[in-house]
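Subject: Structure handover

Hello,

Here is the structure we talked about. Please open it alongside these notes.

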Amino acid sequence: MKVGLIYTGTTPELIEDIEREVRAQIGNEAELFSLADPSIIAEVRDEGYVTTPPAARLITMFMKAAEEGCDAVLNICSSVGEVADCVQDTARYIGMPIVRVDEEMCREAVREGERIGVMATLPTTLEPTKNTIKRMARENNKKIELVDCLVDGAFGLDQEQFRARMGECAGRIADKVDVIVFAQGSMAYCEKYIADMYGKVVLSSPRFGAAALREALVKKGLIKD
């Protein structure tokens, strides 16, 4: 069994969290095939939205994973999650499910509360994540309220500084929300810290994405449920 991990940007914390969660779900025998193109998220950040060239490069990475024999892939960047959505028909046709890392997290957020805070370091990640949460709310016929929390000044900080910055910014919205969603997987190591600090349900995507990846492999008969 071979699974693809598709990154548009990486940090050591993100890679560690993703690989740990994926291994916990599918075991140590599976081959992990990682592809990364940091230029995608850099261009999306500069342009303010997903333009044609980075979208095309991401789709090319999906197809590369298929050529390499991956049984399923995990799309790890929420900023370009809608690109993954647009090629799902192709993914079904070629027999390689493309799993969004954040979709199940957004579904769980809707289950957990009506007032949902969304934290991100990039404005370009806020909107796609909010759109996914809104879609899940429609599917569940549930009215929700979204509260933005942009973690400004986060770039270039080390792990401890970043955690402190996350705590400071979460404090702006903690009393306004029932649940806090981390729009970027690289924030996952702050999940327990923020939950303990404010007594809120806090959700990050790696564990949800890994579980969804496992489910896709179960449906293919590659893992026993």
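Start with the sheet. Four strands form an open sheet in the order β2-β1-β3-β4, with parallel pairing. Strands here are DSSP runs of E, at least two residues, and helices are runs of H or I, at least four residues, both numbered from the N terminus. Two strands pair if DSSP finds at least two bridges between them. β2 (31-36) and β4 (98-100) are the edge strands, each pairing on one side only. On average, neighbouring strands are turned by 25° against each other, direction ignored.

This is a predicted model: local features need pLDDT of at least 70, side-chain atom pairs count only at pLDDT 80 or more, and totals for chains, interfaces and linings use all residues. Residues are numbered from 1 along each chain as its sequence is written, and side-chain values use heavy atoms, without hydrogens and water.

Inside the sheet, β1 (residues 2-7) and β3 (residues 72-75) pair in the parallel sense over four bridges. Ile6 has Asn75 of β3 as its bridge partner.

Helix α1 (residues 12-26) lies across β1, β2 and β3. It runs at about 155° to β1. Angles run from 0 to 180 degrees between N-to-C directions, and axes are lines fitted to C-alpha atoms, for helices over the stretch in contact.

Now the helix pair. α6 (residues 103-112) packs on α10 (residues 205-219) at about 110°, with the axes 7 Å apart. That makes α6 roughly perpendicular to α10 (65 to 115 degrees). Glu104, Met105 and Glu108 of α6 meet Ser205, Phe208 and Ala212 of α10; contact means heavy atoms within 4.5 Å.

Best wishes

Methods. Angles under 35 degrees count as roughly parallel, over 145 as roughly antiparallel, 65 to 115 as roughly perpendicular and the rest as oblique.
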